[in-house]
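Good morning, and thank you for the time on today's agenda. Please look at the structure on the screen while I go through it.

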Amino acid sequence: MGRSVEVPLLFLGPGEKGIISRIVGGFCARARLEEMGLTPGKEVELLSPNPIIVSVDGVRIALGYGIASKILVRTRRRI
Amino acid sequence: MEEKGFIRVALAGHPNSGKTSVFNRLTGSKQHTGNWPGVTVEKKEGYFSYMGYKVIVTDLPGIYGLSSAYSIDERIAKTFLTEENPDVIVVVVDSTNLDRNLYLPIQLLEMGFNLVLDLNMIDEARKFLKINSTELSRILGIPVVETAANTGEGIEDLKKKIIEAFEKRRGDKGLKIDYGRLEDEIERLWNLVGREYPRWVVIRALEEDQDVLNMIKGLENGAEIIEEIKASRDRITRKFGFDPETIIVERRFGYIKGLVRRVTERKGTEDRLALSDKIDSIVTNRILGIPIFTLVMFFTFEIVFKLGGPISELIDEAFITLSGRIPGEGPIHSLLAEGVIPGLRAVLVFLPNIALLFLVITILEDSGYMARAAFVMDKIMHTMGLHGKSSIPMILGFGCNVPAIMATRTLESEKDRILTIMVIPLMSCSARLPIYVLFSSVFFPGKEGVVLFSLYMLGIVLAVVVAKLLDTLFFKGEVAPLVMELPPYRMPNLRGVLIQTWIRTELFLRKAGMIIFSVSVLVWILGNIPFGVEYASEDSLIGKIGKSISPLLEPAGFGFWQAAVSLLFGILAKEVVVGTLGTLYGREGLREAISREFTPLSAYSFMIMSLIYIPCVATVAVIRRETNSWRWTALAISYSLLLGWILSVLVYQVGSFFNEPIN
């Protein structure tokens, strides 16, 4: 088992899962992200890294790089 | 039956909940569209009569919730709900994903709105899910309906439930959600604000809803309470490590999760997502994405113009026959044969292309591809200051600018819509092609392809420059970040597609048609004044206008009145430019005439002018309608005229300076 690390969603590998820990920065799209279900505590899976598609609650959401770098997730990694 | 009165209903839901289909099913063709006050987002209203009531339905923009102040759609929806206070709100949800879709209705229920919950796409959900809607209705205390709008299932029931919700209006106590660790703060603030206000006011205040905060500010000891709210927010953030908004949203989703667990039972797994993901791994692939998009666009063109072309020709021929058969003589005959009929012809000849275009767009939207296309093109479009979704209307512009501008309705942000609309006229539409073909074949034989390509490219380059310029001039700092739901691929439903296509086409006919028609009649009148003059000749009013304009065109190399008149008529429809030249030079033959009047250089400068100057009347009309602003319309007309003139003069003058023909 690896230990839990906090990384931007952007850095997940394809097929890797993580739990959203926080969304940083007071940018205007945050409320939108949260309404779409990207809230702390939710599990996300990175389906495609380039371009970024994540799966949350069984729904596919496409994200720009800017936003994906501001969503922090906890994931288990071997270090 | 006697009318019992009106019921005002608002239709709300996620962008991908099938809300539009529900709206179309409820109201049929009894609908009209306009714009929301002050913005260019489309507002659709319709009505139906049921059980003695006239039910007026307003289709709100697709939204996920009411908290995101940056989204124009959410602002519109919220303003409508709080200020217009509709009798009933129907929230349409995608039943295949209740966990996410119930957020909006829960938020609305908390605020005490009178709701009907529409579990849409129930046919798909049934494949893997059993939903106990009776239980859901009991827990939430509102009518719940199961519908499948694409087949029409449950629509009658929905109508019935709307009446039911209206007749036994729920008390507006609102749904109470337990906010756990925030409850102490909520109670304390509620006492401060006053228990006569509903609880949600306090919750919205903690979520920093500006409207609620402003309302509180106006209270007797408002300033004090605002300070208390701030202090409370800080305490919560310090104590729990998250700000109140995040905790509140989390708790709402938590409540929904529990609710969904109580009322649903899963049977088997969904395989539809696995297939959808597989398609996505190809369609949105980093390498294949753009070629696939190009191919889709290519086929769209083929369908719209190859399939529409022959039908357009049939319509055209019918009109030619018709105008030849108008009996009698005199002014009425002339008005019909030279004014009304050509005017109607200019509108109806577009019709097959436009209907087919809307058909293809609707299929692309309903199948789920449109969202992917926008996503794939996002990076390229960003360099122009535009959103990925702008790429589709812009490419459609090569066919015809009118439906292309109407296709910008799929864009969410006002900035993206306006920028895209403003540059679409630079996409060289098919009506400009005859001009290029005529002039390049006369002056650049053997090199027509290169000339044509250079003109199309010029249009694209100018679009990039103009978009960038307008972006920095008018929209500083408004960036719409990319967050987009990719709905699962679906087989479009034929009936639904046809209804939507018809509604869009009919709208075009009604609105743009009126304007094209009236301008045609105006031109006919100008061509016949003073009385007794030969139609559209040098001595007619239009000929005189041509003569007064032609000196302005002198520096561009085509300062003769026929060119001026043809460009003037070209504003009607760009196809008319060649036709007008044909009429004016009728006696000696068009090709001979232009090879005498133009040089290769002035011919090229004339083509540049034709490409850029003032969009045709239909395009101008549709720009006015879609931007809902005379200022943007005036800017579109003036910038294109100025840009066209400057560039054609520049080309002619620089070319003349080197004193060599450019072939």
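This is a predicted model: local features need pLDDT of at least 70, side-chain atom pairs count only at pLDDT 80 or more; totals for chains, interfaces and linings use all residues.

Chain B contains 663 residues, of which 45% are buried. Its secondary structure comprises 30 helices and 10 strands. The C-alpha trace extends over about 90 × 60 × 55 Å along the principal axes of chain B. If we take the contacts in chain B between residues at least 6 apart in sequence, 71% of them link residues at least 24 apart.

The largest nonpolar core is made up of 187 residues, and Leu11(B), Val91(B), Ile162(B) and Met607(B) have the most contacts inside it. Helix α28 (residues 600–612) of chain B is the greatest contributor to this core, giving 9 residues. Domain 1 (5–167) and domain 2 (180–266) of chain B each supply at least three residues to this core. Let us take Ile162(B) as one example. Beyond its neighbours within four places in sequence, Ile162(B) contacts Ile7(B), Val9(B), Val55(B), Val88(B), Val90(B) and Val116(B).

I now come to the contact between the chains. Here 31 residues of chain B meet 27 residues of chain A. On the chain B side, at least two residues come from each of α3 (98–101), α12 (244–263), α13 (272–283), α17 (369–382) and β10 (483–486). The largest share, 5 residues, is provided by α12(B). Sorted by class, this side of chain B has 14 nonpolar, 8 polar and 9 charged residues.

Which strand of chain A pairs with β10(B)? The partner is β5 (residues 59–63) of chain A, and the two run antiparallel over 4 bridges. Within this pairing, Ile61(A) is opposite Glu485(B), and Ala62(A) is opposite Met484(B).

Strand β5(A) also pairs within its own chain. Strand β4 (residues 52–56) of chain A is joined to β5(A) in the antiparallel sense by 5 bridges. In that pairing, Ala62(A) of β5(A) is the bridge partner of Ile53(A). The hairpin of β4(A) and β5(A) has 2 residues between the strands, and there Asp57(A) adopts a positive phi near 50 degrees.

Why is β5(A) described as largely enclosed by the rest of the structure? The reason is that 5 of its 5 residues are buried. In a regular strand, side chains alternate between the two faces of the sheet. In β5(A), Val59(A), Ile61(A) and Leu63(A) point one way, whereas Arg60(A) and Ala62(A) point the other way, and all are buried.

To close, β5(A) bridges to β4(A) in its own chain and to β10(B) in the other. Thank you for your attention.

Note on methods:
Residues are numbered from 1 along each chain as its sequence is written. Chains are lettered from A and ligands numbered from 1 in the order in which they are written. Two residues are in contact if their C-beta atoms, placed from the backbone, lie within 7 Å. Ala, Val, Leu, Ile, Met, Phe, Trp, Tyr, Cys and Pro count as nonpolar, Asp, Glu, Lys and Arg as charged, and the others, Gly among them, as polar. Two strands pair if DSSP finds at least two bridges between them. A residue is buried if 20 or more other C-beta atoms lie within 10 Å of its own, exposed if 12 or fewer, and partly exposed in between; C-beta atoms are placed from the backbone. A nonpolar core is a set of buried Ala, Val, Leu, Ile, Met, Phe, Trp, Tyr and Cys residues joined through C-beta atoms within 7 Å. Domain bounds come from an automatic or database domain assignment.
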